[in-house]
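Hi everyone, thanks for having me.

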Amino acid sequence: MRYIYGHEMRQYWKTLLLWAVCVGGMGMGCILLYSGMQEEMEGMADSFAAMGTFSAAFGMDRLSIATLKGFYATEVGTIHELGGAMFAAVISMTMLSKEEDGHTSEYLFSLPISRGKVVFTKWCVICTDLLLFHLLCTAFYGLGFVLLGEGIPGKELLLYHAMQLLLGLEMAGICFAASAFFRQNRLGAGLGMVLLFYAYDLMSRVSPEMEKCRFLSPFSYANASDILSTGEIAAGSVLLGAAVLLLALATARVKYVRKDLF
């Protein structure tokens, strides 16, 4: 198991570093831009807040973009939510299917290790990469606050990034389960699922008919504007997300253990 874990970590470390630097760097850049745009934002804050469905979709009706917290929620939050979910899809959508796509399953399963342990080890790699990704991104954002000379809203940001980690794990779990069904890499399908869930969340925030079903999207409980404006989370959506994650992992294990790989 340690050999597989080490091998997979070495394979994905460049992907991890690239995504963390890109997402974290863009977020830090947005934070540093705030000081130069603060005066302009103060003049536009009321206009943005009065843009109806657009304001509701991006949380500008609850937080003023003229404040650092509101600017962080609308700008950095959007980058981090999409970037983190896409990274989760990238590393998990190919984690199991790549063995058949690359014709390495024959070697892998000649080793004295069960398929169940292979699934567990690969999931541990995904969890490690996601945790490192969020820690690196958070470090970039923290550096941005320090360079800007502003205090960090610790409690709300900690809660927000904890929910972002759960969002990443849920998306990774769904893609991980899908990966067990495919014989070829379907990275596009994973990224498509992320965009579909994100678009569904946006629509449910502006459509009264869809609002009651907002919890169906993983993005519903990890929205920056919701958490930073109230300091609370939607407990029901969080529990549903955890249940979906467990179901996805069980599905991945059962399917992969029974799958004909040769």
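Let me start with a word we'll need: a helix here is a DSSP run of H or I with at least four residues, and helices are numbered from the N terminus. With that in hand, find Asp 201, which is in helix H8, residues 187-206. Please keep in mind that this is a predicted model.

Is Asp 201 buried or exposed? Its relative accessible area is 2%, and buried means under 20%, so Asp 201 counts as buried. And which residues does Asp 201 touch, once we set aside its neighbours within four places in sequence? The contacts are Arg 214, Ser 217, Phe 219, Ser 220 and Asn 223.

Now let's zoom out to the whole chain. There are eleven helices and zero strands. Of its 262 residues, 47% count as buried. If you take the contacts with a separation of 6 or more, 79% of them come from residues 24 or more positions apart. The chain exposes about 12300 Å², with 67% of that supplied by carbon and sulfur atoms.

Next stop, helix H3. How far apart should its ends be? At 1.5 Å a residue, its 26 residues should span 38 Å, and the end C-alpha atoms are 35 Å apart, which agrees. Look along H3 and you'll also find a kink of about 40°, centred on Gly 77.

How many aromatic pairs does a search of the whole structure find? The search turns up six. Take Phe 87 and Phe 133: their ring centres are 4.7 Å apart and their planes sit at 20°. Planes under 30 degrees apart count as stacked, so this pair is stacked. Phe 87 belongs to H3, residues 68-93, while Phe 133 belongs to H6, residues 115-148, so the pair links distant parts of the chain, 46 residues apart. Both of these Phe residues are buried. Trp 19 joins in too: ring pairs link Trp 19, Phe 87 and Phe 133 into a cluster.

Arg 186 lies over the face of Phe 182, at 5.8 Å from the ring centre.

Conventions:
Residues numbered from 1 in each chain as written. Predicted model: local features only at pLDDT ≥ 70, side-chain atom pairs only at ≥ 80, totals over all residues. Heavy atoms only, no water. Phe/Tyr/Trp six-rings, centres within 6.5 Å; stacked < 30°, edge-to-face > 60°. Helix = DSSP H or I, 4+ residues; strand = E, 2+ residues; numbered from the N terminus. Buried < 20%, exposed > 50% of the residue type's maximum accessible area, 1.4 Å probe, protein only. Lys NZ or Arg CZ within 6 Å of the ring centre and 35° of its normal. Expected span 1.5 Å × (residues − 1). Bend = angle between axes of the 7 residues up to and from the residue. Contact = heavy atoms within 4.5 Å. Areas by Shrake-Rupley, 256 points an atom, 1.4 Å probe, with all protein chains shown as cover.
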